[in-house]
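Here's a quick briefing to read alongside the model. Have the sequence and the 3D view open as you go.

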Amino acid sequence: MDNSSSYKKKIVERTIQLLFIAVFAAVVALSIPLYQHYLSVTFPKSSVFGTWIEQDVALYSAEEFTLGPNGVSINGGIVDTEFSFDGQFVEYRVGDSVRRYKMLNESFSEMKLVSQAHYQPVFRLSEKFKNNIR
């Protein structure tokens, strides 16, 4: 009988462990979408909509891109239909690379490219096209 009660005890322990792991996985799986929803309410993407222009370079060679409800466009062509914004970073994909920008102020009007170690230009939101997506 000692073996039987020890076996039952092990089954109960394993069941409790598996139940704990399942509950933990469910909490993690539910917390990710809740956190994403929190970020989208707290820092709406619309606060960075507009045309962003590279600073401190000749106007003819300045990189320019537009963030809007349809995604990210460069020279009128959509390069990504989604971008993320968490209040501190803007991130989107161009081909196989990820472009990540860090906001430099609380008014979300300047950001710096941080995904490239060798070149980190500053971009400024153009007042002419701010929140007025064509």
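Phenylalanine 65 counts as buried because its relative accessibility is 1% (buried means under 20% relative accessible area with a 1.4 Å probe, protein chains only). This is a predicted model, where local features need pLDDT of at least 70, side-chain atom pairs count only at pLDDT 80 or more, and totals for chains, interfaces and linings use all residues. Numbering runs from 1 along each chain as its sequence is written, and side-chain values use heavy atoms, with hydrogens and water left out.

**Around Phe65**
- Phe65 sits in strand 2 (strands are DSSP runs of E, at least two residues, numbered from the N terminus).
- Leaving aside neighbours within four places in sequence, its contacts (heavy atoms within 4.5 Å) include Trp52, Ile74, Tyr92, Met111 and Phe123.
- From Phe65 to Gly95 it's 30 residues in sequence and 15 Å in space, C-alpha to C-alpha.

**The core**
- The largest nonpolar core has 17 residues, and Phe65 is among those touching the most other members, along with Val48, Trp52, Leu67, Phe83, Val90 and Met111.
- Such a core is a set of buried Ala, Val, Leu, Ile, Met, Phe, Trp, Tyr and Cys residues joined through side-chain atoms within 4.5 Å.
- Strands 2, 6, 7, 8 and 9 each give two or more residues to this core.
- Not counting residues up to four places away in sequence, Met111 touches Trp52, Leu67, Val90 and Pro121, among others.

Note on methods
Buried means under 20% relative accessible area, exposed over 50%, partly exposed in between (1.4 Å probe, protein chains only). Helices (H or I, at least four residues) and strands (E, at least two) are DSSP runs, numbered from the N terminus.
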